[in-house]
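Thanks for coming, everyone. Please have the viewer open while I talk.

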Amino acid sequence: MKLSKIFSRGLVMDNPVFIQALGMCPILAVTNTAFNSFGMGMATTSVLLGSNIVISLLRKFIPSKIRIPCFIVVIATFVTMVGMILEAYFPALNQALGIFIPLIVVNCLILGRAESFASKNSTVGSITDALGMGLGFTGALVLLGIVREVIGFGTVFDMQLFGDSFEPMALMTMAPGAFMALGVLMAVFNRIVYARLK
Amino acid sequence: MSASSIFVILISAIFVNNFVLSRFLGICPFLGVSKKVETSLGMGMAVTFVMTMASIITFVAQRFILDLLGIQYMQTIVFILVIASLVQLVEMVIQKTSPVLYQSLGVYLPLITTNCAVLGLTILNIQNEYNLVETIFHAIGAAIGFTLAIVLFAAIRERLELVDIPVEFKGFPIALITAGLMSLAFMGFAGLV
């Protein structure tokens, strides 16, 4: 498969969030503001990139029977590293994302890419795949973050959008708003994809 | 520590801070395995068992290995390995001792390794500095909360299958909006403890 095709697949047609619905926990939990969403997306992309590279390099040496525990150890190592970097350089973001940083380990997206792509393909292909999927994930997260932040706080990336008369809808920043906003966005995305398929 | 504090932990884990509907943990199985009431009940039982066992083992591992050696940064790796091997062990034991139970739970067991509710629970136990008894009750409460949410949701989804809705909303979108309404209902428990 051509590299450009591998890359673009993760962005739209196989989008990990809107189409495959993978890694739902962080998608819903940390998207109350656009900035948090972006941080989470970047952290997940770095872990995905690291794990895809290492797993594709080791794919001939990992016995197939114990491959899942091997993948998990590789992923957990990168998650620990990303967690330490966030703690050292971005303490506020680390505080906001909280428990969802260590939980990147069990993000089905990362294990899914390791199992279905990196363990079968070359390193260059796996890097492209990780970037495509990672950016597709980040893009979807930021989109959801923007929608929730605009309705819930009346801001985007902490910039005030409306005048004083704007009443923010606090529900959007809480759990029910997360579920409903993602449901509606997913339906909109489906509509666009269906239209393109026709 | 008193009986009432344990009761508070239990009730808050089941209703107020429901793992699925207010903490966003375990959403993948919540959406993936909730098409039928029986299967979601099976998933709930398997999760209950693994959560309780994993909480006890990770509590011991944190106290007597990580804290003792001062290597707390290894927490994520150690905990996920404990959970993965525990799930494997449970699978083997159930397969040998009770083929009937294995038939009904078998397919869900491997899925539990990547259920973030289990890893999330073990990390929360340590963060909240619970002792062993509180840890066990927190695990039981979290597991009951998870089972409650997934079984209720499955009952709604069985009916959603037959509803006439726009094609774009079929599947995940309508399921998410339904989960949002359930989450809204669970917010009513907020003042309970």
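Start with helix 1 and helix 7 of chain A, which are roughly parallel to each other. Roughly parallel is an angle under 35 degrees; over 145 is roughly antiparallel, 65 to 115 roughly perpendicular, and the rest oblique.

Before going on, some ground rules. This is a predicted model, where local features need pLDDT of at least 70 and side-chain atom pairs count only at pLDDT 80 or more, while totals for chains, interfaces and linings use all residues. Residues are numbered from 1 along each chain as its sequence is written, chains are lettered from A and ligands numbered from 1 in written order, and side-chain values use heavy atoms, leaving out hydrogens and water.

Back to that first pair. Helix 1 of chain A covers residues 3-11, and helix 7 of chain A covers residues 123-153. Helices are DSSP runs of H or I with at least four residues, strands are E runs of at least two, and both are numbered from the N terminus. The two axes come within 6 Å and cross at roughly 25 degrees. Axes here are lines fitted to C-alpha atoms, for helices over the stretch in contact, and angles run from 0 to 180 degrees between N-to-C directions.

Which residues of helix 1 of chain A meet helix 7 of chain A? They are A:Leu3, A:Ile6, A:Phe7, A:Arg9, A:Gly10 and A:Leu11. Among their partners in helix 7 of chain A are A:Val124, A:Thr128, A:Leu131 and A:Leu135. Contact means heavy atoms within 4.5 Å. The residues of this contact divide into eight nonpolar, five polar and two charged. Nonpolar is Ala, Val, Leu, Ile, Met, Phe, Trp, Tyr, Cys and Pro; charged is Asp, Glu, Lys and Arg; the others, Gly among them, are polar.

Now the other end of the story for helix 7 of chain A. Helix 7 packs with helix 8 of chain A, residues 175-197, at about 120 degrees, with axes 10 Å apart. That makes the pair oblique. Helix 7 of chain A brings A:Leu143, A:Leu144, A:Val147 and A:Arg148. Helix 8 of chain A brings A:Gly177, A:Ala178, A:Ala181, A:Leu182 and A:Leu185. By class, that contact has seven nonpolar, one polar and one charged residues.

Over to chain B. Helix 7 of chain B, residues 116-127, has twelve residues. Eleven of the twelve are buried, so this helix is largely enclosed by the rest of the structure. Buried means under 20% relative accessible area, exposed over 50%, partly exposed in between, with a 1.4 Å probe and protein chains only. What do the buried residues of helix 7 of chain B pack against? Helix 2 of chain A, together with helices 3, 4, 6 and 8 of chain B.

A:Ile104 is in the loop between helix 5 and helix 6. A:Ile104 is buried, at 1% relative accessible area. Beyond its neighbours within four places in sequence, its contacts include A:Met40, A:Val47 and A:Ile110. A:Cys25 is 79 residues away in sequence, yet 9.5 Å away in space, C-alpha to C-alpha.

Phi of A:Phe157 is near 45 degrees, positive in a residue other than glycine. A:Asp158 is not a glycine either, and its phi is about 70 degrees. Buried or exposed? A:Phe157 is partly exposed, at 37%, while A:Asp158 is exposed, at 66%.

Definitions and conventions
Expected span 1.5 Å × (residues − 1).
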